[in-house]
Amino acid sequence: MLDIIQELLTHSPFSQEAIALFLECDQSTISKWKSGDRKMPAEKFEKLCHLVGYSLEDYAQGKPLSIKNVAHFRSDSLSNEDLNALAELNKMAANLAMLERLSNENK
Amino acid sequence: MKTSKPNISDLADKVRRLLNYDANDPIDFSDLCSRNPNLTIVERPFSDKTSGMCIKNEPGSGIIAINSSMPLGRQHFTLAHELYHLYFTETPFIVCPDDESSSQNDEEKKANEFAMFFLMPNYGFYGYFEDMCGGALTIDTILKMEHYYQVSRRALLSKLCFLKLLDPVYKEQFLVNIVRTASEKGYPKNLYQSPCFAQSTTYGKYVALVNDLFSRGVISKQKRDELLLDAYRDDIVFPQPEGK
């Protein structure tokens, strides 16, 4: 899990400051999660996964992380409100992928 | 044989045809999801810096989200703008800003141009301008046209300037007291004004699939409710009695 957390935090297109605000924690806590000095709580991990479009289903299946090519022109100006919206939409996209898979399997 | 790249106007016509819209009429977005069964539309508030987002799996298939705290005219433009991304942008995830930075990016510029052609196709626009408005550009003409096409004042004036039906020098005079003038002339204000309450909801493929899989016993009631609440559909999970 540490590898994935490091990858999520290192390759995320968002600044550490923005991620700290989004996860409602200090930047120093992010650094500790990244280095493995502190364990990341499950709910924060889930929230971070949604932000970068990596589903928990992917994680459960051991799929490698591939952060989507997020094209948000001026990512530095995305507000915390928009990061929350983005995470919720990514969660819906993951739900939709699961629904499509179930639909195909149960035709 | 060398083939030329289609221009943005052709792409807008192509999507109109794909979605079975008439070549010239105004777009009615209310049934967009039935015209494209692979589309899910999310309406929810974002910050005032973001107008919309698009997550696509393949061309024409995915989720479009629009900022429901913006005026209706702006929301229509965003929906048309995001359709460009859904069909033609290669990036699977796009967040679209609502500011000047959008004009710095090629793909955003193309999406804006697409939206203008998609909402107001040249031929139909000319025809309406000549036939319905007598070719005279007054505030009454402008109000009539923007309500016919359901677009913002800024979008309509850009189109008029693009077709050289309005000299850009005179554009500014039509950008003042928009809401007051429209109200006095008897038009609703929602095309220009942000709603008092920005709703969050989802319609299209996502909701249909959840209910289809539940009705076939593939997912449980608990899972159905969870998925619908993720999509802001508490109105389905906790239905209110319908009036007669």
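Biologist: How many residues of domain 1 of chain B are in contact with domain 2 of chain B?
Modeller: Nine residues of domain 1 of chain B are in contact with seven residues of domain 2 of chain B. Contact means heavy atoms within 4.5 Å. Before we go on: this is a predicted model, where local features need pLDDT of at least 70, side-chain atom pairs count only at pLDDT 80 or more, and totals for chains, interfaces and linings use all residues. Residues are numbered from 1 along each chain as its sequence is written, chains are lettered from A and ligands numbered from 1 in the order in which they are written, and side-chain values use heavy atoms, with hydrogens and water left out.

Biologist: Where do those two domains run in chain B?
Modeller: Domain 1 covers 8-184 and domain 2 covers 201-232. The bounds come from an automatic or database domain assignment. Their C-alpha centres lie 30 Å apart.

Biologist: What area is buried between domain 1 and domain 2 of chain B?
Modeller: About 770 Å², with 49% of that from carbon and sulfur atoms. Buried area is the accessible area (1.4 Å probe) that two parts lose on being put together, summed over both. On the domain 1 side of chain B, B:Thr40, B:Ile41 and B:Glu43 lose the most, together 49% of what that side buries.

Biologist: How many salt bridges are there across that domain interface?
Modeller: Zero by the rule, which asks for a side-chain nitrogen of Lys or Arg within 4 Å of a carboxyl oxygen of Asp or Glu. Strand S1 (residues 39-44) of chain B gives the most to the domain 1 side, with six residues. Strands (E, at least two residues) and helices (H or I, at least four) are DSSP runs, numbered from the N terminus.

Biologist: Switching to the chains. How many salt bridges are counted between chain A and chain B?
Modeller: Three. One of the pairs linking the chains is A:Glu100 with B:Lys205, at 2.8 Å, N to O. A:Glu88 and B:Arg44 also meet in a salt bridge, at 2.6 Å. That pair runs from helix H6 of chain A to strand S1 of chain B.

Biologist: Is B:Arg44 buried or exposed?
Modeller: B:Arg44 is buried, at 9% relative accessibility. A:Glu88 is partly exposed, at 32%. Buried means under 20% relative accessible area, exposed over 50%, and partly exposed in between (1.4 Å probe, protein chains only).

Biologist: Which residues form a salt bridge at 3.4 Å?
Modeller: A:Glu105 and A:Arg101. Both lie in helix H6 of chain A, four residues apart, about one turn of the helix. A:Glu105 is exposed at 53%, and A:Arg101 is partly exposed at 33%.

Biologist: Last topic, H7 of chain B. Why is it largely enclosed by the rest of the structure?
Modeller: Because seven of the 10 residues of helix H7 (residues 153-162) of chain B are buried. Among them are B:Leu156, B:Leu157 and B:Leu160.

Biologist: What covers the buried residues of H7(B)?
Modeller: The cover includes helices H3 (72-88), H4 (106-119), H5 (122-131), H6 (139-149) and H8 (178-184) of chain B. Just after H7(B), B:Lys164 takes a positive phi of about 60 degrees.
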